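The sequence and the model are shown first, and the description follows.

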Amino acid sequence: MFNQNGLSLDQAPPISVVLRFFLSGSLFGILAGIFILFFQNNIFNIHSPEALTLTHTFTLGIMLSFMFAALFQMLPVIAGVTLKFPIKKAQLLQYPFILGVITLLFAFNFTHAWIFMLASALLGASILYIVIIMLKNLLKLPNHSASSKGMSLTLISLAMVILLAFYLTATLSSFNEGSYYLQVREAHFSFGLFGWIALLIISISFQVIEMFYVTPAYPKFVSGYLPLKIVALLTLGLIISFFIENIWVLIDIFLALILTGYALITLKRLTQRKRPLTDATVWFWRLGLSALILSMLSILITLFSDNTLFSKLSYIFFATFALSIVFAMFYKIVPFLTWFHLNSQGYFTAPMMHEVIHPKTAKKHLYIHIATIVTFIISLFLPQFIILAGLLTTLSFGWMTWQIIHAWRLYIHTQKTGEKFDMGTI
Amino acid sequence: MIISQFMTQEHRDCDTEFAAAEQAAANGDWADAEEKFMLFANDTLRHFKREEEELFPAFEAQTGNSEGPTQVMRYEHEQVKGLIGKLAGAVESQDKDAYLSLCESMMILLQQHNMKEEQMLYAMCDRVLPPELKASTLEKMKEVEI
């Protein structure tokens with residue numbers, strides 16, 4: 001088992017597997033920016049088609065793509081799971097997945113039963129296909145780390161999100177009466193945001209915070225039990241909500257407190273870094289974790305008041321949390337993988353991490369990202385700022401897209417022209 | 001747990017030395033950076049030597065497996081040694097950007113390597129080696145110098 005657990009070349013997936021998902025995620029990000037320009041302030045009407053379209057562009061198109069990139073890369077490194085034929089699997093997942101997201105976005109705007117059914121079939125088949133493969137491999141592990149346990153639970157949550165979505169699309173296509181529509185929608189939403197997005201970030205952070213920033217390890221009571229607590233709470237919420245609809249209020253309070261605690265513990269870890277240099281990725285983490293705390297506080301305020309401002313803020317801050325962490329990971333992973341793959345292939349001229357993406361480039365993206373968030377918040381008070389927010393969103397993801405293309409071109413260029421050691425003689 | 005404790009502490013000490021050298025280079029104090037880098041490089045190479053000459057052979061003899069985990073660790077040691085050479089070049093030419101860039105690669109490579117050793121290999125050594133052999137291997141490791 002041990003020799004499967006490594007970042008050796010034969011175990012790490014080809015770089016194209018990771019870059020392709022980063023690319024599709026950032027292209028969906030550009031699309032989200034364009035949607036914001038068209039939909040403008042309607043995106044804040046939570047159940048409007050515009051809001052649904054933007055939310056799913058964000059959660060499926062952007063976040064799920066990025067998280068597939070993270071899973072394909074991280075499963076071998078931190079969980080010791082090596083997927084066979086990774087390129088083929090990535091293609092089998094990605095093409096129907098992209099088609100499915102686009103179809104679903106159409107379905108929200110042109111409500112026809114068959115479009116919802118087509119979207120469900122494409123998304124369900126592609127996502128459940130990879131969830132089952134990854135889970136099967138994870139469950140075969142004889143020893144589990146906090147991260148591998150957490151990842152298994154996030155994949156189960158993702159499967160729940162999809163199964164619950166089937167019920168919702170069936171109702172929207174008039175295939176069922178939707179007697180439990182409200183409960184299922186709440187569960188779909190909670191499993192998605194907490195059980196999938198937040199929990200995957202948490203599970204990965206148990207190892208990467210220590211690995212990238214050289215901090216003390218997380219306390220065992222956090223890394224060992226937190227993922228299970230989150231999924232147990234969500235499951236309880238789902239079951240009890242069929243009898244007591246308001247149970248989600250209680251579940252949300254617990255989840256908000258747990259996630260706030262996690263964010264505080266992680267922020268503390270970042271102050272205990274052995275490497276005192278602070279690069280943009282540290283700031284992305286700090287920003288993301290602070291946004292998580294603000295999002296959870298906004299949720300708590302929303303639960304006890306009818307204040308729609310805090311409800312909107314909770315979404316903005318949650319998106320800030322998720323995206324900031326993705327960017328933090330992106331600016332470490334892409335330069336490292338480009339260097340690592342070329343170096344391991346024996347290229348003497350493998351570009352260094354700073355040559356792939358310079359820290360100054362990451363810092364500029366940090367400023368764009370902060371400006372985007374600030375303009376979103378301002379747009380709640382001065383609606384015309386939404387145009388600027390849309391433009392900045394497009395710029396932010398355009399920036400990221402360019403970094404991916406640059407890294408890929410550098411990779412190919414080095415392979416074509418680079419000087420190489422003969423690894424056979426070493 | 002005597003193997004785990006001793007070897008994990010060596011990892012932590014090397015991390016501290018590495019961070020000090022990185023900070024000195026970031027400050028542009030190259031004399032200080034060189035001194036601290038040399039300390040890190042020597043301690044890391046001595047740690048590798050202790051593993052490759054004493055710990056890994058003891059583990060391989062006990063388990064009869066010389067193709068498994070220890071082989072992966074040896075391969076990763078070579079990758080780290082390559083980076084140490086490049087870092088030395090950057091210190092010599094006082095190239096701050098190159099040094100800090102190589103530091104990034106080094107830390108990710110080294111940390112994931114250390115995690116594997118700490119979470120799996122050392123724990124396995126502490127489990128499979130008989131107590132006397134463990135104590136004698138530890139003593140022999142302490143005597144290894146570059």
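In which pattern do the elements of chain B run from the N terminus on? They run α-α-α-α-α.

## Basis of the description

This is a predicted model, in which local features need pLDDT of at least 70, side-chain atom pairs count only at pLDDT 80 or more, and totals for chains, interfaces and linings use all residues. Residues are numbered from 1 along each chain as its sequence is written, while chains are lettered from A and ligands numbered from 1 in the order in which they are written.

## Chain B

Chain B has five helices and zero strands; helices (H or I, at least four residues) and strands (E, at least two) are DSSP runs, numbered from the N terminus. The radius of gyration of chain B is 16 Å, close to the 15 Å that the globule rule gives for 146 residues, so chain B is as compact as a globular protein of that length. This radius is taken over C-alpha atoms, and the globule rule is 2.2 Å times the number of residues to the power 0.38. The C-alpha trace of chain B spans about 50 × 25 × 20 Å along its principal axes.

Of the 146 residues in chain B, 38% are buried. A residue is buried if 20 or more other C-beta atoms lie within 10 Å of its own, exposed if 12 or fewer, and partly exposed in between, with C-beta atoms placed from the backbone. In the loop between helix 3 (69-92) and helix 4 (96-128) of chain B lies Q94(B). Q94(B) has a positive phi of about 50°, although it is not a glycine. With 13 C-beta neighbours inside 10 Å, Q94(B) is partly exposed.

## Chain A

Chain A contains 14 helices and zero strands. For its 426 residues, a compact globule would have a radius of gyration near 22 Å, and the 21 Å of chain A agrees with this. Its C-alpha trace spans about 70 × 50 × 45 Å along the principal axes, and 51% of the residues in chain A are buried.

The loop between helix 1 and helix 2 of chain A holds Q40(A). Q40(A) is not a glycine, yet has a positive phi of about 50°. Q40(A) is partly exposed, with 17 other C-beta atoms within 10 Å.

## Domains of chain A

Chain A is divided into domain 1 (1-143), domain 2 (181-275) and domain 3 (277-415); these bounds come from an automatic or database domain assignment. The centres of domain 1 and domain 3 of chain A, taken over C-alpha atoms, are separated by 18 Å. Their contact takes 23 residues from domain 1 and 28 residues from domain 3 of chain A, where two residues are in contact if their C-beta atoms, placed from the backbone, lie within 7 Å.

On the side of domain 1 that touches domain 3, the elements giving two or more residues are helix 1 (15-39) and helix 2 (49-79) of chain A. Helix 1 of chain A gives the most to this side, with 14 residues. By class, this side of domain 1 has 17 nonpolar, six polar and no charged residues. Ala, Val, Leu, Ile, Met, Phe, Trp, Tyr, Cys and Pro count as nonpolar, Asp, Glu, Lys and Arg as charged, and the others, Gly among them, as polar.

## Contact between the chains

The contact between the chains takes 21 residues from chain A and 24 residues from chain B. Helix 6 (181-213), helix 11 (308-344) and helix 12 (353-356) of chain A each supply at least two residues of the side of chain A that touches chain B. Helix 6 of chain A gives the most to this side, with three residues.
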